[in-house]
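Trainee: I am new to this structure. Could we go through it together?
Mentor: Gladly. Here it is.

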Amino acid sequence: MIRFEHVTKRYPDGTTAVDDLSLEVGAGELVTLVGPSGCGKTTTMKMVNRLIEPTEGRIFMDGEDISTVDPVQLRRRIGYVIQQVGLFPHKTILENTATVPHLLGWPRGKSRERAAELLDLVGLDPSVHGDRYPEQLSGGQRQRVGVARALAADPPVLLMDEPFGAVDPVVREHLQNEFLKLQAAVNKTVLFVTHDIEEAVRLGDRIAVYGQGTIEQFDAPAAVLGAPATPYVADFVGADRGLKRLSVTPIEEGDLEQPPVLHLDDQLRTAAAKLSKEGARWAVVLDGDDNLHGWISTEQTGSSGTVREHARRMEAWLPVGASLKQAFSTMLQHDAGWIAVIDREETGRFLGVLTPARLHEALRRSIDADAHAIPRTEVELETVAQIAAS
Ligand SMILES: Nc1ncnc2c1ncn2[C@@H]1O[C@H](COP(=O)(O)OP(=O)(O)OP(=O)(O)O)[C@@H](O)[C@H]1O
């Protein structure tokens, strides 16, 4: 979809920002460009929408040499999100989001309808936020408007330059998760610039790790973490690769343990018998549709009545496919010895529980899977204990 062929950018003062870069990004692929400040990430990105022209080499979009396309026409096919969102302060959120459709000459009603749809998609209720002005939103909300605005004309390509750089880490993680969900729905070809390896690893289908104007490694996150191509990359991804690996390894159904399961209408007598038979101290409680309700421990099964009266509501759970890192941090946050996992469709169907031991096994599975693809000597076996200690 986007192809760089031997692209070099030298600025008039002699700085070589990008040096003989060749890179191909597939349709629907999210590629993160990561590297230290000044390594040429932004220059690379701005050459795609022709805000900067290369000195040498060619860039193709959908097979077409972009130097032959009128820049204005080209930019209509490219959404652009930057850190300083650049919302118009005197326009409402809805008007800001409708900017591009408006410029494209869509009728006002259709533009506004599309803008409202997009705001909804990025998690902002248009009936609540649509008539507000940018200064009335939080930093995180403004970033979401930036994403909605970039998507408004449904461009096939999105360029994102440190879009979540200016918000605090918690909001940032939230925006990243939302963006991943959004990308699963809209499936754009995305170039995403960041200097944060963790962000690059979490979001990218592939990561391009920049050295000075060149790419040191271009590969899937697990491969970059598991087998850094050069000492520079190893240094850049850092000593806590295991921790980062947690964020790229999803919880799979096979990782889950099956604890005793009870239903709300079960008698406590039956519950106690089941727990004692299975030698368990607690059971997961499901409702009539087998959806997750909560849990009950042996201490509560001694009295009479039904499970319903004594079960505790579950405070935290995760869908299958969530990262091991989310599982680990949820366990720590709730001081929980295990975490319930439900199906992805959010119907709440209970699938099993992830325990620290199973989390550790899953981490090993991920390391072993990579070990088949890379020389064994390069594989560093890290344990949850080491990660917890780091
Ligand atoms: N207009 C310019 N004229 C001269 N040099 C420039 C110009 N723009 C950028 N540079 C230089 O080119 C190099 C690459 O800059 P670029 O902005 O692409 O880096 P970056 O990786 O995006 O950095 P950051 O993460 O700090 O934004 C830097 O050395 C920078 O100083």
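Trainee: Which residues come nearest to the ligand?
Mentor: Y11, A17, S37, T42 and T43 come nearest, out of 13 residues around the ligand. A residue is near a molecule or strand if its C-beta atom, placed from the backbone, lies within 6 Å of it. This is a predicted model: local features need pLDDT of at least 70, side-chain atom pairs count only at pLDDT 80 or more, and totals for chains, interfaces and linings use all residues. Numbering starts from 1 along each chain as its sequence is written.

Trainee: What makes up the shell around the ligand: nonpolar, polar or charged residues?
Mentor: The shell divides into 3 nonpolar, 8 polar and 2 charged residues. Ala, Val, Leu, Ile, Met, Phe, Trp, Tyr, Cys and Pro count as nonpolar, Asp, Glu, Lys and Arg as charged, and the others, Gly among them, as polar.

Trainee: Which helix gives the largest share of that shell?
Mentor: Helix α1, residues 41–48, with 3 residues. Helices (H or I, at least four residues) and strands (E, at least two) are DSSP runs, numbered from the N terminus.

Trainee: How do you know how confident the predictor is in the protein chain?
Mentor: Look at pLDDT, the predictor's confidence in each residue, from 0 to 100. The chain has a mean of 86, and 93% of its residues reach 70 or more. Over residues 374–390 pLDDT stays under 50. The model scores ipTM 0.94 and pTM 0.71.

Trainee: Why are β3 and β8 called paired?
Mentor: Two strands pair if DSSP finds at least two bridges between them. Strand β3 (residues 30–34) and strand β8 (residues 189–194) are joined by 5 bridges, so they meet the definition. They run parallel. T32 has F192 in β8 as its bridge partner.

Trainee: What packs on the sheet there?
Mentor: α1 does, touching β3, β6, β7 (157–161), β8 and β9. The direction of α1 makes about 150 degrees with that of β8. Axes are lines fitted to C-alpha atoms, for helices over the stretch in contact, and angles run from 0 to 180 degrees between N-to-C directions. Contact means that the C-beta atoms of two residues, placed from the backbone, lie within 7 Å. Helix α7 (residues 139–151) packs on the sheet too, touching β6 and β7.

Trainee: In what order do the strands of that open sheet come?
Mentor: The 6 strands run β6-β7-β8-β3-β9-β10, with mixed pairing.

Trainee: What makes β6 and β10 edge strands?
Mentor: β6 (78–82) and β10 each pair on one side only.

Trainee: How do β9 and β10 run, parallel or antiparallel?
Mentor: Antiparallel, with 4 bridges joining strand β9 (residues 206–210) to strand β10 (residues 215–219). I207 stands opposite D219 in β10. The hairpin has 4 residues between the strands, and there G213 takes a positive phi near 80 degrees.

Trainee: Which residue takes a positive phi in the hairpin of β1 and β2?
Mentor: G14, near 100 degrees, with 5 residues between the strands. Strand β1 (residues 2–10) and strand β2 (residues 16–25) pair antiparallel over 6 bridges. K9 stands opposite V18 in β2.

Trainee: What is the order of the open sheet of 4 strands?
Mentor: β11-β12-β13-β14, with mixed pairing. β11 (261–263) and β14 (312–313) each have a single partner strand, so one side of each is left without a neighbour in the sheet. Helix α13 (residues 268–278) packs on this sheet, touching β11, β12 and β13.

Trainee: Where do the domains of the protein chain lie?
Mentor: Domain 1 spans 2–239 and domain 2 spans 253–359. Such bounds come from an automatic or database domain assignment. The C-alpha centres of domain 1 and domain 2 lie 40 Å apart.
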